[in-house]
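Here are my notes for you, written as numbered points. Keep the viewer open and click along as you read.

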Amino acid sequence: MALKFRFAVVSDLHVAVPHTIWNHPARFHLVEVSIPAFDSIVEHLTQLDLDFLLLPGDLTQHGEPENHTWLQNRLAQLPFPVYVVPGNHDVPVLMANEQSIAFADFPHYYRKFGYSNTNQLYYTCQLLPGVRLVGLNSNSFNNQGQQIGRLDDKQLQWLEEVLAASVDELVLVMVHHNVVEHLPNQSRHLMANRYMLENAPELLNLLRQYGVSLVFTGHLHVQDVAYADGVYDITTGSLVSYPHPYRVLEFHRNDFGQDWLQILSYRVVSVPDFPNLQLSSRKWMGDRSVPFLIKLLTVPPISLPLAQAKELVPSLRYFWANMADGDAVFDYPDFPLELRRYFQKYGAIDSSGTPSFIDNNTTLLVSC
């Protein structure tokens, strides 16, 4: 049966009304642009014939009630359905404190945006005839009250029941943490593993078992499309950090039963206080990259002495900005050979080492 629909993805909004904005000398985020940038995107999206909008988490700066309230009210004004899931910034604490809402309060803010059942932080709903969305909560707390990225057993059991009952539908999954690795050895890297779902293999096994191919994530703040054994993890960069991207996607199932997904990516290029947002934001990220780069170079697997790491940092000034932009190819010919090869692995290359530019604009054959 032919099927066609169009939707958008905007991730990691980090919405912050002015009086809630906090500053930190090492933050890559330009939270100052969260509201005007979102307004700019909405102006574009409302001109399109969209069926729905997905927001895969980190909706607010740090779970502030006033920021959740602002976004709740803004989403209610949009002319198309919107669906959200919580990110780690949205529910940073189990119990409410002077800054953030309680973990269990999140669904109450977003009853119109997926959470018709406010008693749990995950849901499923029919988007269109034959199309189902599963919104997962990837935020858990361990016995010490520390937040971790994990699906609990109850949620996994619920998910299997939903998938078993949806065998005749196209199922889209939205979750904040990454499910497929977007960086080399991401699940084992000391700096990158926190962006991965801790029990991603369990989720992937379920998705493969029931033929689910499309997962939409955020959290990492990069434009990247990753693939593993039948599952595409399409992660979208952050609204408040370079390159301030968002995506418009069109799904098409033809008469031969082939499923195609076209992905087009856009950037917010200007807001009132940042008329050249792309240039100023890239410079902002480069200027604040030194602590991040020092850590990257001195922890395993690179493990360089601090003095050597400091010598290499200037050459890597825009490394993460280029990663965030997607479709990057890295080569540092003046680096030692082993280190040069290490950074090449971060580029947009496939398993055979061939450049594969699918992070921003592409058409994927999802199933046939």
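1. Where is the place of Q61? Look in the loop between β2 (52-55) and α2 (65-75). Before going further, keep in mind that this is a predicted model.

2. Is Q61 buried or exposed? Its relative accessible area is 3%, and the cut-off for buried is under 20%, so Q61 counts as buried. Leaving aside neighbours within four places in sequence, Q61 is in contact with H14, V15, A16, T20, I21, W22, V31, N67 and H89.

3. Next, have a look at strand β5, which covers residues 131-135. 5 of its 5 residues are buried, so the strand is largely enclosed by the rest of the structure. Follow the side chains along β5: V131, L133 and G135 point one way, while R132 and V134 point the other way, and all are buried.

4. What does β5 pair with? Strand β4 (residues 123-128) runs antiparallel to β5, and 5 bridges join the two. Here L128 stands opposite V131. The hairpin of β4 and β5 has 2 residues between the strands, and in it G130 takes a positive phi near 85°. Strand β8 (residues 170-174) also pairs with β5, this time in the parallel sense, over 5 bridges. V131 turns up again here, with L170 as its bridge partner in β8.

5. Now zoom out. The protein chain is divided into domain 1 (3-267) and domain 2 (280-345). Their centres, taken over C-alpha atoms, are 28 Å apart. The contact takes 22 residues from domain 1 and 20 residues from domain 2.

6. How much area do domain 1 and domain 2 bury between them? About 1,900 Å², with 69% of it on carbon and sulfur atoms.

7. Between domain 1 and domain 2 the count is 1 salt bridge. You can check out R267 and D325, which form a salt bridge with their closest N and O atoms 2.8 Å apart. Across the interface of domain 1 and domain 2, the rule finds 7 residue pairs in polar contact, both residues being at pLDDT 80 or more.

Technical notes
Residues numbered from 1 in each chain as written. Predicted model: local features only at pLDDT ≥ 70, side-chain atom pairs only at ≥ 80, totals over all residues. Heavy atoms only, no water. Buried < 20%, exposed > 50% of the residue type's maximum accessible area, 1.4 Å probe, protein only. Helix = DSSP H or I, 4+ residues; strand = E, 2+ residues; numbered from the N terminus. Pairing = 2+ DSSP bridges. Domains from an automatic or database assignment. Contact = heavy atoms within 4.5 Å. Buried area = accessible area lost by both parts, 1.4 Å probe. Salt bridge = Lys/Arg side-chain N within 4 Å of Asp/Glu carboxyl O. Polar contact = N/O pair within 3.5 Å; in protein donor to acceptor, adjacent residues only side chain to side chain.
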